[in-house]
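Try each one before you read the solution.

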Amino acid sequence: MSEEFTLRVWRGDKTGGEEVEYHVPAETGMVVLDALHHIQHNDAPDLAVRWNCKAAHCGSCGAEVNGQPKLLCKTRMDDYAGETISVKPMQTFPIIKDLVTDVSWNYQVAKEIPMLEPTGPAPFNMQQIDADRVQEFHRCIECFLCQDTCHVLRNHEGQRQYFGPRFMIKIAEFEMHPMDGADRVPLLAHEAGVNMCNVTKCCTEVCPQHIRITDNAIIPLKERVADRYYDPVKILLRRLSGKKNAATNTHTVS
Amino acid sequence: MAQESYETLDYDIIVIGAGGSGLRAAVEASQVPGLKVAVITKSLLGKAHTVMAEGGVAASFGNLDAPDGWQTHFYDTMRSGHFINNYRMAEIFAKEAPERVLELETWGAVFDRTKEGRIMQRPFGAHTFRRLCHIGDHTGLELIRTMQYKALHSGIDVFQEVTMTKLLVKDGRVAGAFGYFREDGRFVLFRARAIVLATGGWGKIFKVTSNSWESTGDGAALAFRAGADMMDMEMVQFHPTGMVWPPGVRGILVTEGVRGEGGLLRNSEGERFMKTYDPERMELSSRDVVARSIFKEVQAGRGSPHGGAWLDISHKGPEYVKAKLPGMYEQFLTLADLDITKEPFEVAPTCHYTMGGLRVDPETCATNIPGLFAAGEVACGLHGANRLGGNSLSDLLVFGRRAGLGAREYVSGAPDFAPADQAELEAEMDRVLEPFRRENGVNPYHVHEKLQEIMTNHAGIMRSGPVLEEGLNQLLELKEEARNMGINGSRIYNPGWHAVFDVENMLLLCEGIIRSALERKESRGAHWRTDYPDELPEWQTINFVESYDGEAIRIRTEAVNEMPEHLAKLFTYGKAPGLVQQSGGKES
């Protein structure tokens with residue numbers, strides 16, 4: 001290991017900015033957040049970086065390390081031995097300053113998701129096998145790295161059309177809860193925009209909690225929407241009842 | 001200097017702090033239609049220190065051990081607190097905890113299950129029965145996320161990333177709080193008819209700590225300056241098992257759940273040393289005892305290579321460990337290149353919790369300032385001289401709710417908003433902006449580092465009179481130096497600026513800790529003095545209460561409330577009440 005790490009940290013605010021180079025003495029087992037703290041404590045006390053627990057429990061320190069969405073507290077400096085490390089804020093969200101972005105949109109979306117509607121009073125009787133299915137989603141630490149990497153949100157201004165992977169998990173958590181009685185399928189099909197996801201699994205790849213977002217949440221939710229809105233039996237019934245060209249008409253009109 | 005302005009926002013009740021207790025308080029306060037409630041947090045929503053709680057939430061369901069009940073939970077809590085707890089708080093707590101946990105279940109929390117489909121409960125240090133409801137080793141995450149979504153759906157306004165610098169008191173009542181938005185540094189006045197403080201503890205006063213950056217005691221310091229009484233400040237908990245190696249992770253929590261699930265502690269000679277210190281409870285002794293035992297082993301030269309003890313869970317097999325302790329497995333693998341399913345790992349004590357805090361009324365969580373309430377770690381009384389694992393999360397729920405109720409009832413009879421005192425606010429804005437104007441000011445991060453060093457060397461796990469005195473002198477010197485803290489840059493999201501106020505708050509509270517520690521001339525719970533190594537009965541009836549007049553901390557003694565007979569009786573059987581029942585004894 002070299003004696004010193006070189007980092008290029010994006011410094012700036014919504015009016016613009018640039019990468020600034022810093023040198024940090026190397027220490028065994030150091031993570032990127034340790035290096036940023038060293039810079040903050042010694043070279044740039046106003047360096048803005050969000051963090052809370054430094055133990056990968058809180059999900060505050062999401063940023064992009066050499067272009068990859070990462071938790072700064074969990075990304076080891078020695079993974080980049082010999083390289084210059086570039087640290088930038090998450091690109092999907094508006095910048096506030098340096099590595100801190102405005103993630104408030106996520107909290108707006110969170111309000112749109114109906115909570116658990118229990119079908120009976122607590123204590124619930126629930127087997128572990130039923131709990132297992134949803135507990136995976138409960139591991140989410142809301143670091144929003146999946147939102148950051150999702151190209152619907154990142155490149156296509158999809159924030160009006162799609163709630164993003166984080167909230168697909170949140171909806172799945174309630175939808176698959178054995179004691180839930182609410183219906184979130186219309187929400188999924190419309191406002192939440194589950195169909196916007198084209199299953200490239202980038203979100204799953206960046207999830208620091210290893211939640212199988214696409215396979216275990218998004219795909220099953222897509223199936224629920226398909227069953228409700230695109231069930232061939234229902235389409236057949238519609239055709240038999242005389243509304244033969246309903247679907248085609250709709251398309252030509254639009 | 002240009003005229004500074006501020007925004008004014010009016011709420012019936014503001015809750016400062018958005019951890020478990022703050023959110024629970026806000027949810028309770030919002031149950032009255034028409035009442036305007038806001039939660040203010042210095043972080044993002046859902047990131048508060050509660051998220052780091054791992055092992056579980058203690059509630060005496062008796063799902064696995066039928067004889068458990070509130071009496072035994074009460075008994076365990078009082079005994080581990082070495083009887084300087086407020087008995088009434090412990091009683092309310094033990095009785096209400098199960099109901100609060102079930103509430104979480106209806107709001108979406110999914111706990112691990114027993115074979116019968118009920119909430120699973122794991123054993124934990126000094127709990128007589130298996131009592132901790134949990135979801136793997138991320139119970140705190142489950143609690144805060146559940147409460148966060150409940151709060152978002154309860155019509156509460158949430159203000160994120162706000163630094164509060166002053167509590168406003170008018171005509172002897174609380175009138176609001178003043179501070180600034182971190183995003184752009186603009187000032188804000190929250191006028192309020194009642195305030196609930198739920199700002200957590202101050203574990204960041206030590207270098208080796210399991211606490212997140214947030215734990216700087218802001219709410220406690222703000223209230224202390226405003227005239228609120230603090231109690232049991234000498235009582236700081238060191239969790240026995242923090243990570244040790246590599247250096248950057250030192251202090252990060254290793255859940256007590258590891259020992260709860262069967263983890264064994266050994267010294268460098270391979271000996272299960274807990275048999276020397278607590279042969280009956282061994283690894284599952286109370287935290288103060290286990291932490292001290294590890295400390296003593298290291299002092300005796302039987303420590304692990306980096307100054308700790310070995311903890312081993314590998315005998316439980318990879319599948320079990322990964323299922324019950326997934327966070328621990330991941331944490332060691334990523335941060336320490338170590339597979340805990342295969343080999344033992346080093347652990348050492350780490351600062352974890354502050355039992356001391358604002359003195360509150362057990363029923364309503366009211367402080368001595370009318371309109372000011374406190375719940376959770378910032379409050380004091382439930383845990384006495386040592387907190388039991390798992391009792392913190394249920395504390396947040398039980399007293400968060402009660403503080404919300406207390407505030408709600410208070411505002412129904414409280415006067416309307418007090419007009420702002422313009423001169424006071426201008427002076428405050430001036431004070432808050434002062435660090436920008438100091439040329440060659442002292443770096444606040446460096447003051448923080450020095451503070452941590454003083455506390456570690458003088459007021460840590462092992463204390464004595466002369467060493468505490470020396471620590472106090474150094475601290476007072478540092479306080480002088482800190483008057484000159486300065487920063488550069490703009491008001492936009494400037495962590496150096498925020499750190500100035502964190503450090504000021506910690507300096508005040510540390511002085512409170514050392515002064516109180518000097519007064520308690522005995523060893524009790526977490527407070528271990530080598531010059532007074534024994535627990536002495538005459539000190540069991542006393543709490544130290546501190547007040548601050550802006551100049552000096554005054555300290556007085558208050559008598560510990562005496563338990564009524566029906567509760568006192570629970571301690572006369574020679575064993576836990578639940579065990580008496582089990583062996584056919586009589587129980588009132």
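**Exercise 1.** How many residues of domain 1 of chain B are in contact with domain 2 of chain B, and what kinds of residues are they?

Keep in mind that this is a predicted model. Start with the count: 19 residues of domain 1 of chain B touch 24 residues of domain 2 of chain B. Next, sort the domain 1 side by type, which gives six nonpolar, 10 polar and three charged residues. To place the two domains, go to the assignment: domain 1 of chain B covers 6-236 + 353-412, and domain 2 covers 242-350. Their C-alpha centres sit 28 Å apart.

**Exercise 2.** Which element gives the largest share of the side of chain A that touches chain B?

First, the overall tally: 48 residues of chain A are in contact with 48 residues of chain B. On the chain A side, the elements giving two or more residues are helix H1 (32-42), strand S6 (95-97), helix H2 (104-111) and helix H3 (128-138). H3(A) takes the largest share, with five residues. By type, the chain A side splits into 26 nonpolar, 13 polar and nine charged residues.

**Exercise 3.** Work out how H3(A) is oriented against helix H6 (residues 165-175) of chain A.

Begin with the axes: those of H3(A) and H6(A) come within 9 Å and cross at roughly 155°. An angle over 145 degrees counts as roughly antiparallel, so H3(A) is roughly antiparallel to H6(A). The crossing of H3(A) past H6(A) is left-handed. Finally, pick out the residues: Val134(A), Phe137(A) and His138(A) of H3(A) meet Ile169(A), Ala172(A) and Glu173(A) of H6(A). That contact comprises four nonpolar residues, one polar and one charged.

Definitions and conventions
Residues are numbered from 1 along each chain as its sequence is written. Chains are lettered from A and ligands numbered from 1 in the order in which they are written. This is a predicted model: local features need pLDDT of at least 70, side-chain atom pairs count only at pLDDT 80 or more; totals for chains, interfaces and linings use all residues. Domain bounds come from an automatic or database domain assignment. Two residues are in contact if their C-beta atoms, placed from the backbone, lie within 7 Å. Ala, Val, Leu, Ile, Met, Phe, Trp, Tyr, Cys and Pro count as nonpolar, Asp, Glu, Lys and Arg as charged, and the others, Gly among them, as polar. Helices (H or I, at least four residues) and strands (E, at least two) are DSSP runs, numbered from the N terminus. Axes are lines fitted to C-alpha atoms, for helices over the stretch in contact, and angles run from 0 to 180 degrees between N-to-C directions. Angles under 35 degrees count as roughly parallel, over 145 as roughly antiparallel, 65 to 115 as roughly perpendicular and the rest as oblique. A crossing is left-handed if the near helix is turned anticlockwise from the far one by less than a right angle, and right-handed if clockwise.
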